[in-house]
Amino acid sequence: MYDGIEIQEAIPEAASMIETFRAIGYNLETAVADIIDNSITAYAKHITIQRIWDGSNSVITIKDDGKGMSNEELIHAMRPGAQNPLIERGEKDLGRFGLGLKTASFSQCRKLSVLSKKDSQLSYWTWDLDYVALCKKWNLIRWIPEEFANALDEVASGTIVIWTDIDRLLPLNTLKSNDAMKERFSRALERVRSHISMTFHRFMENKTIKLFWCGHEIEPWNPFCPN
């Protein structure tokens, strides 16, 4: 029915589209929870959330021991709209639109780095929103924060999601010595811990997963108080 009709590509402008993604209704708690959803879908048994205070260089990481991704799988996972919402999903697949990793992360940070390990092979890529704005293309960069290059050494397979330049929580000129911002950072992350305790209580109660917060196992909190 489209024979003979003129067509014209209308590719979204990369930087503008990503800034639009940043406005999709996440807060810090739901953004971290969305990343944990991905870990559960990847059959992780242990998921660890870490927060590192360093002023504007502060970092949030979510690491799992799931099935991991090959280089091709990771690039696919980093692609916005990687999954058709109309296709049938697996029973354990909590995603639908293929946007969760990206939109959840973009809502909080300007650099999203993912390091994944599968079949003893490491793959890593980063979305740097400043680089996208500079090159005006949907280009990943093959870069990972140096301090996390060995973050998966102790697991046979798994993935770590790394958020840096967390500009929605901390202004990018925040000094490490700024005690007020450090307190704000700590309070925000404490809300994340409480949210995780409630949101994933069923998984923790039935021993499907163990969630760890800065080295300590998170206890489940059932909002229905059955006991």
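Predicted model: local features only at pLDDT ≥ 70, side-chain atom pairs only at ≥ 80, totals over all residues.

Reader: How many salt bridges does the structure hold?

Author: A salt bridge is a side-chain nitrogen of Lys or Arg within 4 Å of a carboxyl oxygen of Asp or Glu. The structure holds 10 of them. One joins Glu-19 and Arg-110, at 3.5 Å from N to O. That pair links distant parts of the chain, 91 residues apart: Glu-19 is in helix H1 (residues 14-22) and Arg-110 in the loop between helix H4 (100-106) and strand S3 (111-118). Helices (H or I, at least four residues) and strands (E, at least two) are DSSP runs, numbered from the N terminus.

Reader: Is Arg-110 buried or exposed?

Author: Buried means under 20% relative accessible area, exposed over 50%, and partly exposed in between (1.4 Å probe, protein chains only). Arg-110 counts as buried because its relative accessibility is 12%, whereas Glu-19, at 35%, counts as partly exposed.

Reader: Which residues of H1 are buried?

Author: They are Ala-14, Ala-15, Ile-18, Phe-21 and Arg-22. Seen down the axis of H1, these buried residues fall within an arc of 115° (taken from the directions from the helix axis to the C-beta atoms), so they line one face of the helix. Their cover includes H4, S4 and helix H5 (129-135), where contact means heavy atoms within 4.5 Å.

Reader: How should I read aromatic pairs?

Author: A pair of aromatic rings is described by the distance of the centres and the angle of the planes. Rings of Phe, Tyr and Trp (its six-membered ring) pair if their centres lie within 6.5 Å; planes under 30 degrees apart count as stacked, over 60 as edge-to-face and the rest as tilted. By this rule the count comes to 4 aromatic pairs. The rings of Phe-106 and Trp-127 have centres 6.3 Å apart and planes at 85°, so this pair is edge-to-face. Phe-106 belongs to helix H4 and Trp-127 to strand S4, 21 residues apart. Together, Phe-106, Trp-127 and Trp-138 form one aromatic cluster.

Reader: Where is Ser-56 found?

Author: Ser-56 is in the loop between strand S1 (46-52) and strand S2 (59-64). Ser-56 is buried because its relative accessible area is 15%. Leaving aside neighbours within four places in sequence, Ser-56 is in contact with Pro-171, Leu-172, Asn-173 and Thr-174. A polar atom of the Ser-56 side chain lies 3.1 Å from the backbone oxygen of Leu-172.

Definitions and conventions:
Residues numbered from 1 in each chain as written. Heavy atoms only, no water. Polar contact = N/O pair within 3.5 Å; in protein donor to acceptor, adjacent residues only side chain to side chain.
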